[in-house]
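Open the model in your viewer and keep the selection panel at hand. This tour says what to pick at each stop and what to look for there.

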Amino acid sequence: LNTPAGDHADTLRAAGRHNRFRLVPYFTAASLAAFVLVAGALGYFQQQQDATFRALQAGQLALVRNAQNDFTTHQDEAARNDLLAVHEAGNVNLARIVANMSWERDFAPFVARAERLPIEHCRTLPDTVDATTGATRPGPEKKSCFAEIGRQLREFPEFTSIDARVFAAMAKSTVFKMKVFDLRGITVYSSEHAQMGEDKRSNGGWRGAALGGEAISELTFRDRFSAFEGIVENRDLISSYVPVRAADTGAIVGVFEVYTDVTPFLLHIRQATTDLRRIAADNQALIEAAARDTEHRLGEQTLRTLLFVMLALAFLFIVLFVIIRRAAGIMAQQERERDQAQQQLVQMEKSASLGQMVAGVAHQLNTPLAFSLANVQMAHQALENFRLPLRFAGIFARLVRSAKTDTVTLSVAPARKLIESAVDADFDPETPKAMLEDTLHGIAQMRELVDNLNEFTRIDRSRTTRFDIARCLSNVVYIARSVMPTGIHVVEDYAATPETSGNVSQLNQVFINLINNAAQAIDGPGTITIRTSFAEGRIRVDITDSGCGISPEHLPHIWDDYYTTKPPGQGTGLGLGIARAIVAEHGGEIAVATKTGPESGTTFSIYLPVTG
Amino acid sequence: MLEKKGCILCVDDEPNILRSLTWLLQRDFEVHTASGAREALDLIGRQDFDVIISDQRMPGMSGSELLREAARLSPRSMRILLTGYSDLPAMLRSVNDSEVYRFINKPWKINELPQIVSEASAIARSSGISETLLVPGPEDAVEDSARAFSETILVIDDEPAVVEQLRAELGPELPIVHAGNIADAIAAFAEYTVGIVLADTRVDNSDTTALLRMLKHQEPQIVTVVYTSAADAGDVVNLINQGQIFRFLAKPVKPAVLAQALAAASRKREQLKAAPQLSERHRVDPIPEVARQSFDRSLEESAARHAALSDPSLLERMSAGLKRLFRR
């Protein structure tokens, strides 16, 4: 009974500790995880956005680059075409001027004479086929055959003067070479003499001019070229085939070929194109630099945003952490206060049951005390009443001792008055004897009670002892019976059980609590049965009452602390919670079976392991 | 062999107690014993007892329940309850249901108990009244209206609200008067014919139990109902043993319950007036001189306080009341 109340509060606390919600660690872990997730997601989306942006920018840059390229290429081409067109017109005019000036006088007779030279024998000579390109070229015999024709042409008497005049006319001009073809396609004159006699019948330019009557020009590049002034290198040339028409009939009579040098113009065009390309490239570089700058700035902006969001999250976390820490502190404080209050309640619960017990014990003690006291007083009175008979007895004894003879004559007259007040009972020693016997019986009862009380509280001497459960229970029942309503019948049924060890004082508290509960469940007459049994190494104690039972809405809560169906102030609601904690401390279990309605009742079963 | 002074029945589940009581009482009385309520009721059914002494705490039926049954079966018998420890509800039940004559505490005093029993036995034997007068009628048969009250009800309570509650319950013409202190209460007796007193145990910071005891001793036909919140088992024992109160009500009760108690009191009053010898059954011992002096002091204080404060005529009325009550 005197075990510190804190023990049970500790036990109750320990039971609740393992499922306590650890607010601060959980909050920290959860919010950190959430923040990491948010940061990760933000980073990922930002990266995606950056990639999309970069791809978009690259696409735009490529588009601009292509557009600029197209533009430059187009510009270059247009310039070249313009150049070609301008120079073709120039060449046509030049050919016309030359023709007008010297065809009738110089070239007509020369061409007419040349046309009379037979060439069919050369043309029938075989061509060679280039193995790689598949193009046909005149074979060496054919070449030398036509070269022979060229040699014959140069031996014509008019040749020297014509050649001299052509050279004179063309020197210092942009015309690098001039050729004349007859209508058979034979080169009848060339400012490059070696080329005279060559057959150009299959040449596109010649055919266009001789058969189509149109001037045909093309732009070519020659790394080596034989011009009027000698050999030139790396030149861009425009060659134009120009048909020559007879002044009177307009019929085509021959073909001029004029080579003009456009290297400087092309150089200009190329320069312009290069400039354009450079400008485009510069622009491109600028745009790219701007794009890079934009990207960089965007990246910085993103970084700043991310940084800000992270800082905001960190700030939020810190603020929440502080609040939660504070809340956890308050909760811990409240819990401490609750523990303290609980401890007080446990103490109250103990003193309440103690008070109840004391009242019961006092009553129990009062009955033997009452009759013993009355009996002793009455016996005392009886002894007083024996004074008279004993006086007579004394007188009689003295008389007998002093008598000389066996017969004595006695006058009873003086005694008659004394005897008058005495009644028969005054001479009966049996009644005071019976009174004192009853008193002894009463004292034995009181002693039994004191023994039981001692037994009930003896465990304060050592906390854990070996004990016999039946003795323990009969003791508790003896005490409990004295506070029970008189209509309740208590049945004790103890099986042979081995001794076990435990804190008997605490277990007594459990049993008296359960027995008191059982008594309170009974309204009017009823029965409480306390039964022990032993199976599978465990002692089982059943405390069964024929009371009203526990209704289903209360049943799930009976073990809860502070749960009570008693009116306020009459129960702490801790009794069963403490009982369970104590039984659990002994490595045991406590269970309940209950039934309401007809044949209602409740059984609390306690299982205790047998321990050394 | 001396003539026995009466026939008594002792009831207790503890045989040692029965034997002890027998030894104590057998000299003067014809003592019968029963070890339980069942057995006791059997005996009461078969035999006429002057006094029934029962222990309160017994298996099965409790002492107060037994005495209630006994009052029904044998209304002439005087009832004494033997109590071991204080159980206020049980005591209230025994006051209100079985109208016990005395409570006797265990352990009893061997010179006192026979005296009380012999008093009770003498009352039972001497009153010589018809049994029918004593049979308590069913409570609900009481006519709950002002007409049932022919004499004044004196309410001694700090709160005049009780008067209003009773008027509301029993009718506005209910003859009822309120006294807020002892002096007022005494004065009221000069002006009214008081039949029933409804009193708290403490009024105006002074104890009324002495007043109630003196009243009962002087005017046994006045029926007393105590209505209080401040009471323990000891108070109830004293009020019964020394004041023979008729009913004891623990504050607060519903006005209807209060009215019912007053109606029962009124019926009792009519009984006592019709058969004055009946009031012997509620006889109390004279109040000891020490208690009387203490009561006089508190009365004087109360009178002085209230006369000086509000009512100069109080002293006059009070002395008239005293004269009428105690002839002094």
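**Stop 1: the interface**

Select chain B together with whatever it touches in chain A: 18 residues of chain B are in contact with 28 residues of chain A. Keep in mind that this is a predicted model. The two chains bury about 2000 Å² between them. Carbon and sulfur atoms account for 60% of that area.

**Stop 2**

How many salt bridges does the rule find across the interface of chain B and chain A? The count is 1. Select R19(B) and D438(A) to see their side chains meet in a salt bridge, at 2.2 Å from N to O. By class, the side of chain B that touches chain A has 9 nonpolar, 4 polar and 5 charged residues. Polar contacts between chain B and chain A, with both residues at pLDDT 80 or more, come to 5 residue pairs.

**Stop 3: helices 3 and 4 of chain B**

Select residues 63–73 of chain B, which form helix 3, and residues 88–98, which form helix 4. Their axes lie 9 Å apart, at an angle of about 5°. The two helices are therefore roughly parallel to each other.

Show the side chains where they pack. Helix 3 of chain B brings S64(B), L67(B), R68(B) and A71(B). Helix 4 of chain B answers with A90(B), R93(B), S94(B), D97(B) and S98(B). This contact divides into 3 nonpolar, 3 polar and 3 charged residues.

**Stop 4: helices 9 and 10 of chain B**

Move along chain B to helix 9, residues 209–218, and helix 10, residues 233–243. Here the packing angle is about 25°, with the axes 9 Å apart. That makes helix 9 of chain B roughly parallel to helix 10 of chain B.

Pick T209(B), L212(B), R213(B) and K216(B) in helix 9 of chain B. They meet L239(B), Q242(B) and G243(B) in helix 10 of chain B. By class, the contact has 2 nonpolar, 3 polar and 2 charged residues.

**Stop 5: a salt bridge inside chain A**

Bring chain A back. Over all chains, the structure holds 36 salt bridges. One to select is E148(A) with R151(A), whose side chains meet at 2.3 Å, N to O. Both sit in helix 4 of chain A, residues 140–154. Because they are 3 residues apart in that helix, E148(A) and R151(A) are separated by about one helical turn.

Definitions and conventions. Residues numbered from 1 in each chain as written. Chains lettered and ligands numbered in written order. Predicted model: local features only at pLDDT ≥ 70, side-chain atom pairs only at ≥ 80, totals over all residues. Heavy atoms only, no water. Contact = heavy atoms within 4.5 Å. Buried area = accessible area lost by both parts, 1.4 Å probe. Salt bridge = Lys/Arg side-chain N within 4 Å of Asp/Glu carboxyl O. Polar contact = N/O pair within 3.5 Å; in protein donor to acceptor, adjacent residues only side chain to side chain. Nonpolar A, V, L, I, M, F, W, Y, C, P; charged D, E, K, R; others polar. Axes fitted to C-alpha atoms, helices over the stretch in contact; angles between N-to-C directions. Helix = DSSP H or I, 4+ residues; strand = E, 2+ residues; numbered from the N terminus. Parallel < 35°, antiparallel > 145°, perpendicular 65-115°, else oblique.
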